[in-house]
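Hello,

Here is the structure we spoke about. Please open it first, then read the notes below.

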Amino acid sequence: MFCPGQSISVADALAMVTISARTVESYSQQLNAASPSQSGAELSLVQALLAQLAVLQVENHHLKTTNRKLQQVAYTDALTQVGNRRAFDQAIKREWRSGCRTQSTLAVVMVDLDFFKRHNDTYGHQSGDELLACVANTLRTHLHRAGDAVFRYGGEEFAVVLPNTDLAGARVVAEGLRLAVEALGCTASFGVAAIVPNQADSFASLVGQADQALYQAKREGRNRVCCAD
């Protein structure tokens with residue numbers, strides 16, 4: 001039983017409302033089956049419970065809406081408004097499992113802004129934050145398929161997940177993103193990797209390959225796309 005002052009999660013609250021609604025619904029059925037001789041007091045009680053059911057249904061809707069908003073906040077990067085690292089981990093695991101079932105290629109593009117520290121030192125951290133938000137929005141708006149998604153991986157680094165995309169296709173996408181970022185007046189380096197997921201491997205190896213390709217792009221002079229072997 002819930003006591004005043006006791007902490008309760010949104011999920012627990014939803015369960016309590018569902019149970020209460022079912023209880024009142026049971027009384028509703030009793031009202032429908034009530035005989036004309038049933039006492040007025042009993043009828044009044046059931047009618048009151050029906051009114052309570054209506055209130056509980058409204059509260060249940062509000063709780064579900066609140067829960068969805070909390071989930072969105074938990075998986076969204078506050079600065080850039082794209083998915084955060086937690087959202088990336090969830091998405092890559094989900095797409096890896098899907099790829100294992102369908103044997104379709106999964107690609108990852110790692111993106112790192114070039115000379116971002118120099119930008120912060122020159123123009124200040126507020127300008128750096130504005131640049132990150134602008135780049136994130138640019139990456140997001142240049143992904144055209146419903147399943148493609150960009151995430152803030154950490155700092156000035158982003159990750160793009162491309163389901164059902166082979167290495168050649170992912171390279172084309174990455175090059176388009178590179179040009180879009182360059183049009184903002186800054187540059188970024190891109191590392192691309194793709195693999196057909198399998199049970200013997202893990203998504204971490206795919207991310208690792210994309211990271212290595214990103215490091216290669218940095219070593220070769222930045223503002224370029226490199227693909228894993």
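Is phenylalanine 88 buried or exposed, and what about phenylalanine 151? Phenylalanine 88 is buried, and phenylalanine 151 is buried as well. Here buried means under 20% relative accessible area, exposed means over 50%, and partly exposed lies in between (1.4 Å probe, protein chains only).

Before the rest, some ground rules. This is a predicted model, in which local features need pLDDT of at least 70 and side-chain atom pairs count only at pLDDT 80 or more, while totals for chains, interfaces and linings use all residues. Residues are numbered from 1 along each chain as its sequence is written, and side-chain values use heavy atoms, with hydrogens and water left out.

Aromatic rings

A pair of aromatic rings is described by the distance of the centres and the angle of the planes. Rings of Phe, Tyr and Trp (its six-membered ring) pair if their centres lie within 6.5 Å; planes under 30 degrees apart count as stacked, over 60 as edge-to-face and the rest as tilted. By this rule there are two aromatic pairs. In one of them, phenylalanine 88 and phenylalanine 151 are edge-to-face, at 5.7 Å centre to centre with 70° between the planes. Phenylalanine 88 lies in helix H3 (residues 85-102) and phenylalanine 151 in strand E2 (residues 149-154), so this pair ties together parts that are 63 residues apart in sequence. Helices (H or I, at least four residues) and strands (E, at least two) are DSSP runs, numbered from the N terminus.

The rings of phenylalanine 88 and tyrosine 153 have centres 5.4 Å apart and planes at 85°, so that pair is edge-to-face. Both of these residues, phenylalanine 88 and tyrosine 153, are buried.

Nonpolar cores

A nonpolar core is a set of buried Ala, Val, Leu, Ile, Met, Phe, Trp, Tyr and Cys residues joined through side-chain atoms within 4.5 Å. The largest one has 26 residues, and Val109, Val135, Phe158, Val160 and Phe190 have the most contacts inside it. Elements giving two or more residues to this core include strand E1 (106-113), strand E3 (157-163) and strand E4 (188-195). H5 gives the most, with five residues. A second, separate core of 20 residues includes Tyr153, Ala193, Leu206 and Ala210.

Contact means heavy atoms within 4.5 Å. Between H5 and H6 the contact is made by Val135, Thr138 and Leu139 of H5 and Leu177, Ala180 and Val181 of H6.

Regards
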